[in-house]
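Take a walk through the backbone and side chains of the chain below. The stops are a few local features, taken one at a time.

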Amino acid sequence: MTRKLILLFIIAIICFVGCQKPSQTQPIHLEELTIAEIHKAYKNGTYNSEALVTAFLKNINSLDSKINALTTINNDAIIQAKALDKEYKKTGVLRPLHGIPIIVKDNINTIDLPTTAGSFALKDFIPTENAFVIKKLIDAGAIILAKSNMAEWAFSAMHTESSTGGTTHNPYNLNHVPAGSSGGTAAAIASNIGIVGLGTDTGNSIRGPSSHCSLVGFRTTLGLISREGIAPLFLRNDVVGPMCRTVEDATRVMQIMVGYDTDDPITKNSEGKTPNSYTQFLDENGLVGSRIGVLRELSDNNIDTDIKDLFEKALLDLNVLGAEIIDPVVVPDFSSLAQNQWCAKFREDIETYLATYVKRDTMKTLEDIIRVGTTSKFSNSRLNQYTTADGRWGNSDAECSDAYHDERRVAFREAIENVMDSLKLDAIVYPTWNNKPARIDNFEEEYKGDNNQIIAPHTGQPAFTVPMGMSPGNLPVGIQFLGRMYDEPTLIKLAYSYEQGTKHRAVPPKTY
């Protein structure tokens, strides 16, 4: 029996045996549901959490067979929903994410659910502890509905293929990639299989898939959210963040996740820099009086003509919505500062993860991972590359460190923020990708680079992507807002105002 058939069989058993008939009698309209709408329904008694989870499980059964977004269903989801319903009936109080089904990327530790990072090496690894952010989300009332497929070990920005999950398809056009590495989360949330999703982003992996699937994706400031309990690619660059259909939902999820974690020392930098509420910045008029810079060095670099047209229209829309557009913005020595920023830290980081969480004598080293093997040629090439790669890539002897101490990273950030300060900019914008999603069968040949890996992963700055429209072939496109360190409030205002003023979020076609 194939993995997909087993998955569907489990869902059927959960729906048939694991629950009593939900209290509501009318079908729940799942398409484009938001957290606020769900909580309103809970308060009105329209339906409860058990009914919602049951409906989503049925939706998975009908939708995921073609996009292949999910790897594992949470057998206890309905049990957890019932408990939350009982709690609400007793207290009359809804937690911030009470009864909200979430999709979690398969490199984030979850109790009693496999965390494989898409690899055979971790195929049977079931964590005994939730990752720090998972604990916070569950405490807020969220229900893990399922784990999502990913590019194996998060190696690929281009596509989402793993040994444990196979290949994920873009729901807007099944012949095309959803980008990587959080493509499973993106495809699932875009297809209304869950309400909100989690991805991780080393260079592209939240924002690229979000852009390719008409979603909002938040890469937050390095240091704002803990990465504890997450299989790393390069921890010095990694963040975890929300992938949602709306800016409001992404903000609600992010707000729960922020905070200092002693097991992730970089989060110490966030102390005193986080407001009590981020949702207060959801302002439809947030663009009024703002100053937005256009970084033509990115936006005009080998750009597809259709995406260029959408970007130029977006600039006009930003202006109509109240922003003053400063075009172009020039960062002195931008191209040279962007060079030699990556450091090969996979061996060090993944071996630390194996020792801390997996704790198996037979799975301690990168060589152990290679010995177990992979079905992905792309993953195999990366694994072997990292057996010898060490230190900074390129011709620089600068020490590899975090975004607060690495001299090249600090210099790059200061150059950008100095220009922002001198021009009094609230944010810088550019297309999230300058080219359309590639075809799955030609993902390497048709990949022409992306704008995500150039700035934020190195400087540590926050960068949010929001739907910017659709290109020919029914392929989504995103616009990215880059801000100052810890200035998520401003990015929320700008992104929300643009989203509400343009309404570019699109639903995948029913035909898939």
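**A buried serine and its surroundings**

S182 counts as buried, because its relative accessibility is 0% and the cut-off for buried is under 20%. The model is a predicted one. S182 sits in the loop between β5 and α6. Its side chain makes a polar contact of 2.9 Å with the side chain of K105. K105 is also among the residues in contact with S182 once neighbours within four places in sequence are set aside.

Step back to S181. This residue is in the loop between β5, residues 166–167, and α6. The peptide bond joining G180 and S181 is cis, with omega at about 5 degrees.

Now step forward into the helix. How many residues of helix α6 are buried? The count is 8 of 8 for this helix, which spans residues 183–190 and is mostly covered. The buried residues of α6 include G183, G184 and T185 at one end of the list. A186, A187, A188, I189 and A190 are buried too. Just after α6 comes N192, with a positive phi of about 65 degrees.

Next, a pair of helices. Helix α5 covers residues 132–139 and helix α8 covers residues 247–257. Their axes come within 8 Å and cross at roughly 115 degrees. The two helices are therefore roughly perpendicular to each other, because angles of 65 to 115 degrees fall in that class. The crossing of α5 past α8 is right-handed.

Which residues of α5 meet α8? They are V133, K136 and L137, and their partners in α8 are V253, I256 and M257. An α-helix has 3.6 residues a turn, so residues three or four places apart point the same way.

Move on to helix α10, residues 305–320, where N319 is found. N319 counts as partly exposed, because its relative accessibility is 43% and lies between the 20% and 50% limits. A polar atom of the N319 side chain lies 2.9 Å from the backbone oxygen of A323. Leaving out residues up to four places away in sequence, N319 touches E324 and I325. The C-alpha atoms of N319 and L84 are separated by 45 Å, and the two residues are 235 apart along the chain.

P328 is in the loop between β10, residues 324–326, and α11, residues 334–337.

K359 lies in the loop between α12, residues 346–358, and α13, residues 366–372. K359 is not a glycine, yet its phi is positive, at about 55 degrees. Is K359 buried or exposed? K359 is exposed, because its relative accessible area is 65% and the limit for exposed is over 50%.

N474 is in the loop between β14, residues 463–471, and β15, residues 475–482. Its phi is near 60 degrees, a positive value in a residue other than glycine. At 33% relative accessibility, N474 counts as partly exposed.

Notes: Residues numbered from 1 in each chain as written. Predicted model: local features only at pLDDT ≥ 70, side-chain atom pairs only at ≥ 80, totals over all residues. Heavy atoms only, no water. Buried < 20%, exposed > 50% of the residue type's maximum accessible area, 1.4 Å probe, protein only. Helix = DSSP H or I, 4+ residues; strand = E, 2+ residues; numbered from the N terminus. Axes fitted to C-alpha atoms, helices over the stretch in contact; angles between N-to-C directions. Parallel < 35°, antiparallel > 145°, perpendicular 65-115°, else oblique. Left-handed = near helix turned anticlockwise from the far one by under 90°. Contact = heavy atoms within 4.5 Å. Polar contact = N/O pair within 3.5 Å; in protein donor to acceptor, adjacent residues only side chain to side chain.
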